[in-house]
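Please read them with the coordinates open.

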Amino acid sequence: MREKSIEEKMVAAVKAVGGVCWKFTSPGTAGVPDRIVLMPSGRIGFVEVKAPGETPRPLQRLRIRTLRRLGFKAFVLDNPEQIGGIIDAIQTS
């Protein structure tokens, strides 16, 4: 399975529960997660999408740690089976 198909499944699953899953870019700041997930009631999370078995690059890991240190939910998604758990974690934060 390719990264793009996992990302598409994530976008559809978030939409199905009433949220949005926007492509996230930050000009001038490399390594930010691929997607920002915005859920009802002001819930927010960040998702770095990878192909199965791939891991984030060192700069991506740094950005994820920074987001977590600031109190945000940040995830690495490399398997469609993780999507439900990520959505649940964001909704209950």
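1. Start with α2. This is a predicted model. What covers the buried residues of α2 includes β3 and β4. Those buried residues are Gln60, Ile64 and Leu67. They sit on the same side of α2, because they cover an arc of only 60° around the axis. The face turned away from that buried side carries exposed residues: Pro58, Arg65 and Arg69.

2. The length of α2 checks out. At 1.5 Å a residue, its twelve residues should span 16 Å. The end C-alpha atoms are 16 Å apart, so expectation and model agree. Gly71 follows α2, and its phi is positive, near 100°.

3. Next, the main core. The largest nonpolar core has 14 residues. Those with the most contacts inside it are Met10, Val14, Val37, Val47, Leu77 and Ile86. Five elements each supply at least two residues of this core: α1 (3-16), β2 (35-39), β3 (43-49), β4 (73-77) and α3 (83-91). The largest share, four residues, comes from α3.

4. There is also a second, separate core. It has five residues, including Ile36, Phe46, Ile64 and Leu67.

5. Which residues does Met10 contact, leaving aside its neighbours within four places in sequence? They are Cys21, Val37, Val47, Leu77, Ile83, Ile86 and Ile87.

6. On to the aromatics. The count comes to two aromatic pairs. Phe46 and Phe72 form one that is edge-to-face, at 5.6 Å centre to centre and 90° between the planes. Phe46 lies in strand β3 and Phe72 in the loop between α2 (58-69) and β4, so the pair ties together parts that are 26 residues apart in sequence. Phe24, Phe46 and Phe72 form one aromatic cluster.

7. Is Phe46 buried or exposed? Phe46 is buried, with a relative accessible area of 7%. Phe72 is partly exposed, with a relative accessible area of 33%. Phe46 also belongs to the second core.

8. Arg35 is a charged-type side chain to inspect by hand. Its place is in strand β2. Arg35 counts as buried, because its relative accessible area is 14% and the cut-off for buried is under 20%. A polar atom of its side chain lies 2.7 Å from the backbone oxygen of Cys21. Leaving aside neighbours within four places in sequence, Arg35 is in contact with Glu7, Val11, Cys21, Trp22, Lys23, Phe24, Gly45, Phe46 and Val47. Cys21 is also a contact of Met10.

9. Leu38 is found in strand β2 as well. At 25% relative accessibility, Leu38 counts as partly exposed. Not counting residues up to four places away in sequence, Leu38 touches Gly19, Val20, Trp22, Arg43 and Ile44. The C-alpha atoms of Leu38 and Glu3 are 35 residues apart along the chain and separated by 21 Å.

10. Check the backbone at Ser41. Its phi is near 70°, a positive value in a residue other than glycine. Where is Ser41? Ser41 lies in the loop between β2 and β3. Ser41 is exposed, with a relative accessible area of 68%.

11. Last, Ser5. Its place is in helix α1. Ser5 is partly exposed, with a relative accessible area of 22%. Ser5 and Ala51 are 46 residues apart along the chain, with their C-alpha atoms separated by 8.9 Å.

Note on methods
Residues are numbered from 1 along each chain as its sequence is written. This is a predicted model: local features need pLDDT of at least 70, side-chain atom pairs count only at pLDDT 80 or more; totals for chains, interfaces and linings use all residues. Side-chain values use heavy atoms; hydrogens and water are left out. A nonpolar core is a set of buried Ala, Val, Leu, Ile, Met, Phe, Trp, Tyr and Cys residues joined through side-chain atoms within 4.5 Å. Buried means under 20% relative accessible area, exposed over 50%, partly exposed in between (1.4 Å probe, protein chains only). Contact means heavy atoms within 4.5 Å. Rings of Phe, Tyr and Trp (its six-membered ring) pair if their centres lie within 6.5 Å; planes under 30 degrees apart count as stacked, over 60 as edge-to-face and the rest as tilted. The expected span of a helix is 1.5 Å times one less than its number of residues. The arc is that of the directions from the helix axis to the C-beta atoms. A polar contact is a pair of N or O atoms within 3.5 Å; within protein, one must be able to donate a hydrogen and the other to accept it, and residues adjacent in sequence count only if both atoms are side-chain atoms.
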